[in-house]
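Please read them beside the sequence and the coordinates.

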Amino acid sequence: MEQTRVSVRCADCSFEAGYDGLPAARTALDDHEAATGHEVAWEIESLTGGVSQAGADAGVCGRPECVNEDSPLANSGPADR
Ligand SMILES: [Zn+2]
């Protein structure tokens, strides 16, 4: 299953982030522009295959239950938290 990944990057400061899907990216972009008056650019990336898997392994959503326990990355355990 393909996953849409959206990168947001500010031209005027170091603000930079990635989001899963357009709504989240738009919200962050609008928030930053409204708060700072900066001009934020965004870029849509469709991740497939290994790259998408690596993103899932990294727990990009930030919730522990989303971590792929089959991944070798999960074996690092609680030491890195
Ligand atoms: Zn900025």
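1. The chain holds two helices and three strands. Helices (H or I, at least four residues) and strands (E, at least two) are DSSP runs, numbered from the N terminus. Read from the N terminus, the order of elements is β-β-α-β-α.

2. This is a predicted model: local features need pLDDT of at least 70, side-chain atom pairs count only at pLDDT 80 or more, and totals for chains, interfaces and linings use all residues. Residues are numbered from 1 along each chain as its sequence is written.

3. On confidence, pLDDT is the predictor's own figure for each residue, from 0 to 100. Its mean over the chain is 76, and 54% of the residues reach 70 or more. Helix 1 has the highest confidence in the chain, at 95, while helix 2 (residues 49-57) has the lowest, at a mean of 52. Where pLDDT is low, the predicted coordinates should not be read in detail.

4. Of the 81 residues in the chain, 5% are buried. A residue is buried if 20 or more other C-beta atoms lie within 10 Å of its own, exposed if 12 or fewer, and partly exposed in between, with C-beta atoms placed from the backbone. As for contacts, two residues are in contact if their C-beta atoms, placed from the backbone, lie within 7 Å. Among contacts in the chain with a separation of 6 or more, 38% are between residues 24 or more positions apart.

5. Strand 1 (residues 3-10) pairs with strand 2 (residues 16-20) in the antiparallel sense, over five bridges. Two strands count as paired if DSSP finds at least two bridges between them. The two strands form a hairpin, with five residues between them. Along this pairing, Arg5 has Asp20 of strand 2 as its bridge partner, and Val6 stands opposite Tyr19 in strand 2. In a regular strand the side chains alternate between the two faces of the sheet.

6. With 13 other C-beta atoms within 10 Å, Thr4 is partly exposed. Beyond its neighbours within four places in sequence, Thr4 is in contact with Gly21, Leu22, Ile44 and Ser46. The C-alpha atoms of Thr4 and Glu45 are 6.1 Å apart, although 41 residues separate the two along the chain.

7. What span should helix 1 (residues 22-36) have? The expected span is 1.5 Å times one less than the number of residues, so the 15 residues of helix 1 should span 21 Å; the end C-alpha atoms are 21 Å apart, which agrees. Gly37 follows helix 1 and has a positive phi, near 75 degrees.

8. Glu33 lies in helix 1 and is partly exposed, with 14 other C-beta atoms within 10 Å. Leaving out residues up to four places away in sequence, Glu33 touches His38 and Val40. Between Glu33 and Cys10, 23 residues apart along the chain, the C-alpha separation is 8.9 Å.
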